[in-house]
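My entries follow the structure below.

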Amino acid sequence: MSEEPTITPVAPEGDDYLERRALRRGSAGWVLLTGLGVAYVVSGDYSGWNFGLAEGGFGGLAIAMVLMGAMYACMVFALAELSSILPTAGGGYGFARRALGPWGGFLTGTAILIEYVLAPAAIVIFIGDYVESLGLFGLESGWPMYLVCFAIFLGIHLWGVGEALRFSFVVTGIAVAALIVFALAALPDFSFGALDDIPVDASAAGSNSWLPFGLLGIWAAFPFGMWFFLGVEGVPLAAEETREPARTLPKAIRWSMGILVVLAVVTFFAAAGARGSAAIQEAGNPLVEALQPDGEATTLSRIVNYAGLAGLVASFFSLIYAGSRQLFALSRAGYLPRFLSLTSRRKAPYLGLLVPGTIGFLLAAVSGNGARMLNVAVFGATISYALMSLSHIVLRRREPELPRPYRTPGGVLTSSIALVLACAALVATFLVDVTAAFIALVVYAVAVAYFGLYSRKRLVAKAPEEEFAALAAAEAELARD
């Protein structure tokens with residue numbers, strides 16, 4: 001996998017190749033990046049995770065959440081180290097490119113791109129459903145709503161990264177504050193007896209009141225346990241727009257993960273304990289459902305309902321950002337068509353925003369199946385997690401003397417745990433939605449064919465990720481001599 005192809009320099013573009021593909025540097029500090037990390041994920045606290053109760057019950061989903069939380073914690077510690085070594089917009093793709101060669105980089109980048117193109121398409125459908133359910137201005141969910149959402153939020157991103165991150169930070173703050181309000185409001189109705197009230201399937205191996213669907217239910221709940229953390233790995237994609245990235249990125253990644261763990265535990269227990277696992281296992285808005293046991297809306301349930309919309313907007317907005325930066329990095333290095341990495345006068349990758357945004361809009365408008373698209377996104381995410389964790393292990397083994405401003409606690413043991421759990425989560429996606437898994441595989445196969453037959457021999461030597469790889473190869477050759 002690490003065999004290097006012949007890299008063809010880009011002579012036709014001239015010496016200004018990278019100047020025409022430059023991002024606005026120094027736009028974000030660790031606070032904004034921490035907000036970005038939480039923004040990627042916060043919509044998952046409001047909905048989606050509760051469907052895991054129907055797969056594993058409270059006990060099954062709780063174990064799945066702990067295991068997936070451990071996977072993300074181990075992985076983000078590894079990513080914190082990798083981002084301090086290679087602070088480029090390629091993020092996970094750049095790490096895998098250095099460790100696993102061009103094939104490994106492309107496979108990782110493509111998996112990340114699948115996640116960040118499909119997830120906004122799914123979330124915009126949920127935004128439309130929320131707006132319609134709230135009766136805002138009589139608006140209905142459908143393609144006009146999706147188009148407006150993409151147009152407004154793409155426009156903010158095109159205006160500039162600083163403005164975009166500040167907008168995301170404010171909306172995320174509203175969503176997080178509402179989660180705290182929800183938890184405090186749910187506490188008076190909390191009951192431990194409500195947690196395990198799902199009927200037991202006596203035919204399932206190992207079933208009991210806490211594991212009503214047996215031991216296999218734990219595994220089937222893995223993808224839903226991920227919803228409390230899905231997307232936090234995107235923080236390193238802001239590397240080239242960050243002040244002092246070697247110091248700032250690790251700090252932001254760690255803080256993001258810490259906040260998300262607290263929100264996951266509080267939200268999960270408060271919602272299930274206030275209303276009962278059975279009542280919320282299939283609810284589209286489980287937090288609202290937990291606050292209105294008689295079905296009557298209250299002031300607090302309305303506040304949480306509106307905040308759920310803010311959470312969806314925060315995740316939608318930030319995932320658009322992540323997808324554009326991943327596409328930008330792959331294009332700049334020649335893995336995808338190079339024109340996609342051109343930036344505007346305000347240093348925004350305008351085609352990197354518009355192209356995936358258009359694809360996301362069309363997917364949402366044509367399919368209307370947000371759950372299916374999220375499952376495809378989860379499949380791509382788990383592949384990237386496995387490859388990024390493997391990249392940390394390989395670089396630790398192959399380049400132990402590489403300067404590491406931040407070092408992962410536990411070293412390769414930490415990233416090995418992430419690798420094993422990521423592989424388990426990948427297999428679990430087939431238990432939940434086989435069709436989604438095969439759709440992702442078909443997309444992956446088309447991308448691999450494009451790279452193998454065309455772009456593999458047209459990589460850009462002067463791209464940062466390729467320069468890092470070339471420098472590493474030269475240093476290795478000198479060491480052998």
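For residue classes I counted Ala, Val, Leu, Ile, Met, Phe, Trp, Tyr, Cys and Pro as nonpolar, Asp, Glu, Lys and Arg as charged, and the others, Gly among them, as polar. The model is predicted: local features need pLDDT of at least 70, side-chain atom pairs need pLDDT 80 or more, and totals for chains, interfaces and linings use all residues. Numbering runs from 1 along each chain as its sequence is written, and side-chain values use heavy atoms, without hydrogens or water.

**Largest cavity.** I took a cavity as a set of points on a 1 Å grid over the protein atoms alone where a 1.4 Å probe fits but cannot get out, lined by residues with an atom within 4 Å of a point. The largest holds about 190 Å³. Among its 15 lining residues, Ser 43, Gly 44, Ile 123, Leu 230 and Leu 374 are the closest to the centre. I noted ten nonpolar, four polar and one charged residue in this lining. Helix α4 (92-134) gives the most, with four residues; helices here are DSSP runs (H or I, at least four residues) numbered from the N terminus.

**Aromatic pairs.** I paired rings of Phe, Tyr and Trp (its six-membered ring) with centres within 6.5 Å, planes under 30 degrees apart being stacked, over 60 edge-to-face and the rest tilted. The count came to 27 pairs. Tyr 72 lies in α3 and Tyr 385 in α14, so the pair ties together parts 313 residues apart in sequence. Both Tyr 72 and Tyr 385 are buried (under 20% relative accessible area, 1.4 Å probe, protein chains only).

Notes:
Helices (H or I, at least four residues) and strands (E, at least two) are DSSP runs, numbered from the N terminus. Buried means under 20% relative accessible area, exposed over 50%, partly exposed in between (1.4 Å probe, protein chains only). On a 1 Å grid over the protein atoms alone, a cavity is a set of points where a 1.4 Å probe fits but cannot get out, and a pocket is an open set with protein on both sides within 12 Å along at least five of seven lines; lining residues have an atom within 4 Å of a point. Grid points are joined across faces, edges and corners, and a volume is the space filled by probe spheres set on the points.
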